[in-house]
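Student: Before we discuss anything, could you please show me the sequence and the structure, and then let me ask about them one topic at a time?

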Amino acid sequence: MRARHPAPMTLILVLRWAAFVWMAFVAAFGGQIVRTELGAGVLATVFVWTLIVTLSPQHKGSAAIDLGLAVAVIVVGGFVEPVGRVLTVHPSFAGIYPTAAVAAWAVIHGVRGGFAAGTLLAVVVPVQYYVNGVSPTGLLHLETLALLGTMLSYPLIGAVVGILTGQLLRLTALADHGARLEERARLAAAIHDDVLQRLAAIRRDLDDPALRAALERQERKLRRIHLDEGPRDEDGSLSEELDRLVEEFDDLPVRTASTGRAPMPRQTITVVTAAVRETLTNVRNHAQANRVWIAVLEDADGVLITVRDNGIGFEFDERALTERGRLGLALSVKARVENVGGSVQVRSRKGRGTEVEMWIPRPE
């Protein structure tokens, strides 16, 4: 289900209550209700339902009920009003209440959902004519235009509300993104002004070469964060990110090869890089390998990342490894990749090394 923005749903709630008040006013003072018990029952149902959707957020199930109630309001409107009422200019009992259901569908399900809901109500409008004693096939020219105008208004409203809601969601996302970039810039400045200066001062005073080298690696990482956290394009390069990752494993003889930059959304790059980091950590801790290869191969459908080592290998049995508490491949690698729509294959045999393949399909 698509994301919902609170502003459109709030406006729809206001529309619901205004439409309900109008229905009650027409029923009480319009003099057009011939079946008062049925009209009162519809009003009570609409009141209870409007109260429910006011007190609890709408979802797919409640949206279906909402649309069903809108259909019922339109059809029952033909029963409770005098015969031929649909052809007059008197206020309608159903009013604009069904429009709220179409608008809610557009917010929850997008343009297609709003248009589909509106189309359903458009199909129901001629049924209202029938139950009100009017044959849609025997209308005059202007009456036919009025019917078609009413029918077309529902899908049009659904499509327009869906488009406007989508635009609002995108604008909100851009505003949030801008706020995050501003916060990152502030943190990067703090890192540069304080932390990096302190690290450099400490490193100069150290006599132990190993400690100085370790501190220098951490300093490089922080500088990379400072340089990378500014404004950037939506997509990044997985190949470049993996080249930077290899620097963290200077105790492993890792070779990288790629057929290109492997551009993809930065959120996906973050997830895949974390999965490769976990794979290299497993190699470091368990494989006893003296050669590691990382290959990044692009094609029209996606990107294949292969991490292969010449270590001691093992018999890969995911269920058995999980039972023994070795969850690195099962969770940190497999689950991460699957969360971005990818898949993982592990091939390993004792004495013949291990190969981990991660397939990331291109976004549709």
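Student: Leaving aside its neighbours within four places in sequence, which residues is Glu 81 in contact with?
Tutor: This is a predicted model in which local features need pLDDT of at least 70 and side-chain atom pairs count only at pLDDT 80 or more, while totals for chains, interfaces and linings use all residues. Residues are numbered from 1 along each chain as its sequence is written, and side-chain values use heavy atoms, with hydrogens and water left out. Glu 81 lies in the loop between helix H3 (60–80) and helix H4 (97–131), helices being DSSP runs of H or I with at least four residues, numbered from the N terminus. With contact taken as heavy atoms within 4.5 Å, the partners of Glu 81 are Gln 32, Ile 33, Val 34, Pro 91, Ser 92, Phe 93 and Asn 132.

Student: Which side chain of opposite charge is nearest to Glu 81, and how far away is it?
Tutor: Glu 81 is buried, that is, under 20% relative accessible area with a 1.4 Å probe and protein chains only. A salt bridge needs a side-chain nitrogen of Lys or Arg within 4 Å of a carboxyl oxygen of Asp or Glu, and Glu 81 has none, the nearest side chain of opposite charge being Arg 85, at 4.1 Å.

Student: How many Å does helix H8 reach from its first C-alpha to its last?
Tutor: Helix H8 covers residues 266–287, which makes 22 residues.

Key. Helices (H or I, at least four residues) and strands (E, at least two) are DSSP runs, numbered from the N terminus. The expected span of a helix is 1.5 Å times one less than its number of residues. Buried means under 20% relative accessible area, exposed over 50%, partly exposed in between (1.4 Å probe, protein chains only). Lys and Arg count as positive and Asp and Glu as negative; His and the chain ends are not counted.
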